[in-house]
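Subject: Structure handover

Dear colleague,

Please find the structure below. My notes on what was found in it follow.

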Amino acid sequence: MPDLAPDPNPHAHLAAALALSNPLNTPSLHLDGLDPAMILRRSYHLGTTPAVAHHLQTLGLGAALTDQDWDHHNATLAQNMMALYAADLASHALEGAGLRCAPLKGYAFLLDLYPAHVGLRRMWDVDLLIDDSTFVRAEAALTEAGFTRRLEAPVTGRLNIEALFVLGDAEAGPTLEVHRRLCFPGRFNISPHELWRAARPADAPPSWRLDPVHALLHLAVHKAQHGYLNDSRDLVDALNITRRVPIDWQRLADAARRWGCKAAAWLFLTRCRRALGMAAPDALLAALAPSSARQRLLDDAMPDATRSPHFLQRRNNRRPLVPKALAGLAAADNPAQEAGAFALIALRSAADRLAASLPDKDLRWIDRIPLTPPAPETP
């Protein structure tokens with residue numbers, strides 16, 4: 001939603017939008033002198049327009065909003081309901097095939113944080129983690145349930161951490177991203193075996209949840225991988241995770257060290273605390289913090305939607321590749337390892353060009369290549 005008129009007070013409108021961004025909380029704010037329509041427009045690049053519109057209405061300012069403004073809430077509610085239906089169908093199909101499943105990011109949060117506020121937290125895609133090193137069983141189960149796999153890039157689509165599906169052949173419907181890992185090998189050191197050892201059972205499919213510590217670190221890593229060019233929904237989600245369950249901050253620091261994402265976790269949690277008041281302890285941030293020079297580089301150079309009225313929120317496939325890659329290198333604790341992973345990703349992309357002329361049946365063997373080594377034997 002572009003600004004339709006110049007904003008005379010962009011930082012104040014952004015601060016108000018940020019304060020109204022949590023679906024679970026309508027704060028008491030003094031908005032004298034501020035324009036509700038401008039607040040809502042600032043919320044667009046925070047990714048929190050449905051929640052902000054709802055809270056403005058609760059504060060008695062809904063009359064200042066247009067029908068187009070309200071369409072964001074209605075569209076989000078409809079999109080999320082369709083996505084949750086597809087996700088429920090997929091979860092039952094995958095678990096019926098003997099796979100363990102855990103929801104990730106927006107899907108997990110709509111289930112566990114916002115079940116009474118489904119229209120207030122936008123979800124682009126459905127992310128689901130499976131406990132398997134390939135997609136062979138998952139694809140068979142989902143195909144039988146009526147899903148269609150998207151394989152526009154014949155090698156990348158198969159040799160990837162996620163497989164993309166849509167229900168039926170709908171082009172406009174929600175995309176299901178079935179993950180076998182959280183990161184491409186070499187990009188951080190996240191062991192799927194560690195995730196599943198710590199996962200917690202749930203009452204209904206998807207029948208598992210990531211440990212809250214791992215869920216927080218996944219948000220930090222995901223933001224780094226996307227060059228800090230995504231919006232601020234993840235900061236709000238992280239805040240609500242910490243308010244819902246007690247966090248063992250020492251475990252988080254230890255896991256960040258193993259994953260090689262201390263700097264990424266430091267920046268993410270620092271911004272959560274600064275922007276939203278998350279209760280991240282000083283001792284934790286000190287344990288995660290990189291050098292002072294690197295702190296300045298990360299905090300000053302990485303885009304921050306909560307501080308800049310000029311931040312431009314774009315879908316992932318429209319985020320420039322070079323800034324994303326540079327941000328990933330800057331946030332990784334082992335930049336050389338990250339660069340090596342980028343080289344493998346580049347080789348995979350080159351293989352796509354070579355494979356474009358081959359019949360699909362000749363490439364199906366790639367699906368059987370695992371990206372996760374076998375679990376270590378317990379002594």
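The second largest pocket is lined by 17 residues, and those nearest its centre are Asp112, Arg209, Leu210, Pro212 and Arg244. A pocket here is an open set of points on a 1 Å grid over the protein atoms alone, with protein on both sides within 12 Å along at least five of seven lines, and lining residues have an atom within 4 Å of a point. Two or more lining residues come from each of β1 (101–104), α5 (105–112), α8 (212–225) and α9 (233–244). Helices (H or I, at least four residues) and strands (E, at least two) are DSSP runs numbered from the N terminus. The volume of this second largest pocket is about 320 Å³, a volume being the space filled by probe spheres set on grid points that are joined across faces, edges and corners. Its lining is made up of 11 nonpolar, one polar and five charged residues. In this count Ala, Val, Leu, Ile, Met, Phe, Trp, Tyr, Cys and Pro are nonpolar, Asp, Glu, Lys and Arg are charged, and the others, Gly among them, are polar.

Some notes on the source. This is a predicted model, in which local features need pLDDT of at least 70 and side-chain atom pairs count only at pLDDT 80 or more, while totals for chains, interfaces and linings use all residues. Residues are numbered from 1 along each chain as its sequence is written, and side-chain values use heavy atoms, with hydrogens and water left out.

Next, the cavities. The structure has two cavities of 30 Å³ or more, a cavity being a set of grid points where a 1.4 Å probe fits but cannot get out. The largest cavity holds about 50 Å³ of space. Among the residues that line the largest cavity are Ser21, Pro23, Tyr114, Arg233 and Asp237. Four nonpolar, three polar and four charged residues make up that lining. For the second largest cavity the volume is about 50 Å³, and its lining includes Lys223, Tyr228, Arg271 and Thr306.

Tyr228 lies in the loop between α8 and α9. Lys105, in helix α5, likewise has a positive phi, of about 50 degrees, although it is not a glycine. The peptide bond from Pro205 to Pro206 is cis, with omega near -5 degrees, and Pro206 belongs to the loop between β6 (200–201) and β7 (208–209). For background, most residues other than glycine have a negative phi, and most peptide bonds are trans.

Then the sheet. Five strands make an open sheet with mixed pairing, in the order β1-β2-β5-β4-β3; two strands pair if DSSP finds at least two bridges between them. At the edges are β1 and β3 (147–150), each of which pairs on one side only. Within the sheet, β4 (residues 162–167) and β5 (residues 175–179) are antiparallel and share five bridges. Leu164 stands opposite Glu177 in β5.

Last, the side chains. The charged end of Arg100 sits over the ring of Trp208, 5.1 Å from its centre; the rule asks for NZ of Lys or CZ of Arg within 6 Å of the ring centre and within 35 degrees of the ring normal.

Regards
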